[in-house]
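Subject: Structure for you to look at

Hello,

Here is the structure I promised to pass on to you. Please open it beside this email, so that you can find each place as you read.

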Amino acid sequence: MRRSPTETIRFLTLDETARLFRAIGPHRRDRALFLVAYRHGLRASEVGLLRVEDIDPKALRIMVHRLKGSHSGAHPLQPDEAKALKALLREREVPPPVLFPSNRGDPIARRTLDWLMKKYGEMADLPPAKRHFHCLKHSIATHLLEAGADLRFVQDWLGHSNIQNTVVYTYLTARGREGAARRAFLNLPRY
């Protein structure tokens with residue numbers, strides 16, 4: 001028997017997301033890293049692909065490099081992301097080419113990102129099942145749809161080449177079936 005998306009896809013509520021960012025606190029690298037990963041729906045392995053040259057602070061843009069057959073592209077940065085990234089880069093004497101390096105200067109490892117998510121997730125009192133880095137990607141998809149974003153926009157934002165990979169998130173939102181039904185039936189006659 002196949003499990004429904006609501007049983008298999010773990011995402012953070014808006015309250016849990018706020019608690020996670022409060023737990024991260026003022027740690028510059030981790031705040032910028034988690035903010036960019038969440039806002040742009042990055043996989044852990046995609047975070048390691050980001051380079052300093054991918055950031056255009058004047059135009060408030062970031063070049064997102066996708067894996068697994070997804071589409072890469074330039075994304076707008078929100079002001080709080082740009083501020084976090086500028087603060088991160090200002091504290092470095094000589095910025096390495098990698099945007100989020102490990103202590104050795106290599107791209108940060110997926111294992112390290114998962115460890116950070118578990119650490120901050122525990123500090124934020126997140127359920128253990130939601131203390132996985134990939135929950136950030138699921139969370140932004142769900143949050144965008146709940147905020148009323150168009151399904152095609154979310155598909156493009158996440159870099160999905162197949163709309164079916166995006167449709168699954170509609171099952172997780174109250175705005176999905178129920179919201180669509182309310183809007184559709186508003187325009188039908190009453191009997």
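Predicted model: local features only at pLDDT ≥ 70, side-chain atom pairs only at ≥ 80, totals over all residues.

Let me begin with helix α6, which covers residues 110–123. Within α6, the buried residues are Leu-113, Leu-116, Met-117, Tyr-120 and Gly-121. Looking down the axis of α6, you will find that these buried residues fall within an arc of 125°, which means that they line one face of the helix. The face turned away from the buried side of α6 carries the exposed residues Arg-111, Trp-115 and Glu-122. As for what lies against the buried residues of α6, they pack against α2 (14–24), α3 (28–40), α4 (44–47) and α7 (135–146). After α6 comes Asp-125, which has a positive phi, near 60°.

The largest nonpolar core has 46 residues, and those with the most contacts inside it are Leu-20, Phe-34, Val-47, Phe-100, Phe-133 and Leu-136. At least two residues of this core come from each of several elements, including α2, β2 (61–64), α5 (79–90), α6 and α8 (151–158), while the largest share, seven residues, is supplied by α3. If we leave aside neighbours within four places in sequence, Phe-34 is in contact with Leu-20, Phe-21, Ile-24, Leu-116, Met-117, Tyr-120, Phe-133 and Leu-136.

Apart from neighbours within four places in sequence, Thr-142 is in contact with Phe-11, Tyr-169, Leu-172 and Thr-173. Thr-142 and Thr-173 are 31 residues apart in sequence, yet their C-alpha atoms are 6.4 Å apart in space.

Lys-130 sits in the loop between α6 and α7. With a relative accessible area of 16%, Lys-130 counts as buried, because the cut-off for that word is under 20%. Not counting residues up to four places away in sequence, Lys-130 touches Arg-10, Phe-11, Leu-12, Thr-13, Glu-16, Met-117 and Cys-135.

Best wishes

Note on methods. Residues numbered from 1 in each chain as written. Heavy atoms only, no water. Helix = DSSP H or I, 4+ residues; strand = E, 2+ residues; numbered from the N terminus. Expected span 1.5 Å × (residues − 1). Buried < 20%, exposed > 50% of the residue type's maximum accessible area, 1.4 Å probe, protein only. Arc of directions from axis to C-beta. Contact = heavy atoms within 4.5 Å. Core = buried A, V, L, I, M, F, W, Y, C linked by side-chain atoms within 4.5 Å.
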